[in-house]
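The structure is shown first.

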Amino acid sequence: MPPNTLPALTPLQETLWLTLCGRALDNRLPRPILGDEMADEIVREAGYDYKKFGLIPSAAMNIAHRAKKLDEVAERFFARHPDGVGLDLGAGLDSRVLRISPPPTADWHDIDFPEVMAARRQLLPARATPHGIAADLTDPAWLDTLPTDRPAVIVADGVIAFLSMEDMISLVGRIIDHFPSGEIAFNGYSRFHVWAQRHVPMGATRAVRDITKFSGLDDPRDAERWHPKLKLVKEILCTREPEVALFPPVLRWWTRLGAQSAAVSRWGNVVLHYRF
Ligand SMILES: C[S@@+](CC[C@H](N)C(=O)[O-])C[C@H]1O[C@@H](n2cnc3c(N)ncnc32)[C@H](O)[C@@H]1O
């Protein structure tokens, strides 16, 4: 289905193509990190011009790598809580539920703006959105439809950059106050990361320069101050994760060099995992 038959998307909503194209391009590599065939299929079917993002293979691999780390958090959560609830905040056109296959006793909810949920219905098979919530994440009302007596895992991939620190803190607070317990994971952005996106936009980051709102988080423990129940489980520095072995030789060497330093690793791909 060509993109011009889809609902009109704002520049913020359009960023869903960036991450989708990243995962699609990763799938076309000889040794994919994530192997997201559905992303590849949608980008091909929609005939989306992914070249406009200037995505280079290393950027595509980074997008796929952090998605994989978030998938793992959700998979491990459902192994321990088969009756749990999963939320993908700002899900875009991601079909995470198909990659992680939660147990039938679990429930999975994808949340994004109404236009994006309409695009999901057009482009993705129904099984990719067991439950869809068409809402602005900053609107407190969307949580009202969700159960309050089951543990929850919440992931946000490529989303917090578009929320202000105040939005993020109140969103996390509302989630924690809603569910009895759970886990939250999102890809982090350091202050340097945000600064670089604004001042030295290159390739894919050009698309997000003017709509980034998050001010950056250097120390993942700072988020523990957002809510008394929020505790850091792990700062996942992707430079130190096993998938680096799949990188092409020069990138692998460069990444392993960076992995020696946590500070340098934080300039790149980081996934922050908390419990409450
Ligand atoms: C970069 S895309 C990532 C999409 C998806 N998580 C992925 O990995 O492909 C950012 C997504 O966040 C959504 N988003 C950003 N701010 C939002 C908000 N306040 N409420 C709902 N969705 C939001 C956008 O509509 C977009 O789909």
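In this predicted model, helix α1 meets helix α3 through L18, T19, G22, R23, L25 and D26, and the partners in α3 are A60, M61, I63, A64, R66 and A67. By class, the residues of this contact comprise 7 nonpolar, 2 polar and 3 charged. Helix α1 spans residues 11–27, while α3 covers residues 57–80. Their axes lie 8 Å apart and cross at an angle of about 95 degrees. Angles of 65 to 115 degrees count as roughly perpendicular, and α1 and α3 are therefore roughly perpendicular to each other.

Helix α1 also takes part in the ligand site: with 6 residues, α1 gives the most to the shell around the ligand. In total, 21 residues surround the ligand, and the closest are T19, R23, G90, D112 and L137. T19 and R23 are also among the α1 residues that meet α3. The shell is made up of 10 nonpolar, 6 polar and 5 charged residues.

| Residue | Protein atom | Ligand atom | Distance |
|---|---|---|---|
| R23 | polar side-chain atom | oxygen | 2.7 Å |
| D136 | side-chain N or O | nitrogen | 2.9 Å |
| D157 | backbone N or O | nitrogen | 2.8 Å |

On its own the ligand has 590 Å² of accessible area, of which the protein covers 98%.

Definitions and conventions:
Residues numbered from 1 in each chain as written. Predicted model: local features only at pLDDT ≥ 70, side-chain atom pairs only at ≥ 80, totals over all residues. Heavy atoms only, no water. Near = heavy atom within 4 Å. Polar contact = N/O pair within 3.5 Å; in protein donor to acceptor, adjacent residues only side chain to side chain. Areas by Shrake-Rupley, 256 points an atom, 1.4 Å probe, with all protein chains shown as cover. Helix = DSSP H or I, 4+ residues; strand = E, 2+ residues; numbered from the N terminus. Nonpolar A, V, L, I, M, F, W, Y, C, P; charged D, E, K, R; others polar. Axes fitted to C-alpha atoms, helices over the stretch in contact; angles between N-to-C directions. Parallel < 35°, antiparallel > 145°, perpendicular 65-115°, else oblique. Contact = heavy atoms within 4.5 Å.
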